[in-house]
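I opened my notebook for a look at charges and nonpolar cores. Here is what I looked up, entry by entry.

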Amino acid sequence: MSRSEKLFEKAKEIIPGGVNSPVRAFRPYPFFTKYAKNSRLVDVDGNEYIDYCMAYGALILGHVPRVIVDAVKEQLEKGTLFGTPTESELELAELICDIVPSAEMVRLVSTGAEATMSAIRTARGYTGKKKIIKFEGCYHGAHDCVLVKAGSGATTFGVPDSLGVPEEASKNTIVVPYNDAERFEDVMKENKESLAAVIVEPVLGNIGLVLPKQGFLKTLRELTEEYGVVLIFDEVITGFRLALGGAQEYYGVKPDMTTLGKIMGGGFPMAAFCGKEEIMKMIVPSGKVYQAGTYNGNPVSVTASLRVLSFLLERRESFYSEMEEKCGQIVKSLRRILDELGLGLQINHIASMFQLFFTDQRVCDYASAMKADNSRYMEVHRRLLEQGIFLPPSQYETCFLSLAHTSDDIDKTVKGFETALRRLQH
Ligand code: PMP
């Protein structure tokens, strides 16, 4: 029995399912990580894996980037938590306003879930209305009003509508199929008197990877503007990844509010929500929408955040095109392998994100993503693990590249896929 297997058996006795976040669990057991460096994770049994999960998209510079670690070490000596304002958090807020097109004011929080929860509350406070629209398969964190037809672990473990969410909390959430502009228009018209907000992942990264159809985001923008509904882009995944300014820069569509997380923390708990001054001013103490947190603007996280965002800002001209090229190489090679093997699988990709779907039909929404065969995906996942390659452990997640992935990593990955997919065929 490996050490990971032993640890998992023990963990299951005292941690629900043996893990502290559901997507980390997979059969027969997940490996337990001892340390990480660059593109690699090393487990407690000494196995090394090229990592395409990258903490679910958080680590765009790879594991343990020097530029962040050195700054954080220095900050640790100066203090880890003050409970007072700092100059650095002001600097970070200014940086976010410079980078993110929709950001006029920012509030820092610690997790993506807090960011979406607070953004929705703010939009409700601002409009004085209750209902929100979310899209099927979009995941906005583990809080009540968005755990309705949610993607990610909620879909992987068969609980897109979680137990324990009172009907009162979810009855104001209207779910619309992603990429269905007509249905969206109908729902907007039917509910225009009571709608506070529309929240969307501009690129859906939580049922595998699904791209918005041409014009879909623009339709959301036009109709929310027409009906006076707050449009929230949940850019917890896409922020600083699709482009420096996120999906709103990439697609040229500016929402009223934006939620950010993952990449902006540089590996530390850090998230934010931002938007129009008029809306953000509703937040306490300048307004009457309550939002607070002991760890908001934590100085260690702020230090990491300043480092990662400054790094990306300095290199924005070449960074994103190089990442896209790297991803393109993998996708091109995978398509060649699929052609050679006569496998009619789907690959969706954009910028430095990709995912393979085990279905022969195009994947453009929740219904088509659900046609993909997760058990075949997990078979390939297992065969790749045997070869030292770690994909996120579910068909309903997305693979992420980082700056740390080398061309050797990519060659090894392509070969690994070839072996895994060839075996799958027979
Ligand atoms: N929004 C999106 C789009 C996400 O992908 C996630 C997490 N995967 C969240 C919100 C929640 O973030 P956190 O896990 O930091 O609470």
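**Entry: a pair of neighbours.** I began with Arg315 and Glu314, whose side chains form a salt bridge at 3.4 Å, N to O. I kept in mind that this is a predicted model. How exposed are the two partners? Arg315 is partly exposed, with a relative accessible area of 33%. Glu314 comes out at 65%, so I wrote it down as exposed.

**Entry: salt bridges along helices.** I looked up the total next, and the structure holds 17 salt bridges. One of them joins the side chains of Arg382 and Glu386, again with 3.4 Å from N to O. These two sit 4 residues apart in helix α15, so about one helical turn separates them. Arg382 is partly exposed at 38% relative accessible area, while Glu386 is exposed at 52%.

I then turned to helix α1, where Glu9 and Lys12 lie 3 residues apart, about one turn of the helix. Their side chains meet in a salt bridge of 3.3 Å, N to O. Glu9 has a relative accessible area of 37%, which makes it partly exposed. Lys12 is partly exposed too, at 39%.

**Entry: a network.** Which residues are linked in a network of salt bridges? I found Arg40, Glu48 and Asp409 there.

**Entry: positive charge on the surface.** I stayed with charge and looked for a patch. Arg3, Lys6, Lys10 and Lys34 gather in a positive one on the surface. Which helix gives the most to this patch? Helix α1, residues 3-14, does, with 3 residues. Lys34 belongs to strand β1, which spans residues 33-37. Why does Lys34 count as exposed? Its relative accessibility is 62%, and exposed means over 50%.

**Entry: the nonpolar cores.** Finally I went inside. The largest nonpolar core has 39 residues, and Tyr52 and Leu421 have the most contacts within it. I listed the elements that give two or more residues to this core: β3 (48-51), α13 (316-341), β12 (353-357), α15 (374-386), β13 (389-390) and α16 (407-425). Helix α13 provides the largest share, 7 residues. There is also a second, separate core of 32 residues, and I noted Leu92, Leu95, Val300 and Val302 among them.

Methods:
Residues numbered from 1 in each chain as written. Predicted model: local features only at pLDDT ≥ 70, side-chain atom pairs only at ≥ 80, totals over all residues. Heavy atoms only, no water. Patch = residues over 30% accessible without salt bridge, like charges linked within 9 Å, V, L, I, M, F, W, Y side chains within 5 Å. Areas by Shrake-Rupley, 256 points an atom, 1.4 Å probe, with all protein chains shown as cover. Salt bridge = Lys/Arg side-chain N within 4 Å of Asp/Glu carboxyl O. Lys, Arg positive; Asp, Glu negative; His and termini not counted. Charge placed at Lys NZ, Arg CZ, Asp CG, Glu CD. Buried < 20%, exposed > 50% of the residue type's maximum accessible area, 1.4 Å probe, protein only. Core = buried A, V, L, I, M, F, W, Y, C linked by side-chain atoms within 4.5 Å.
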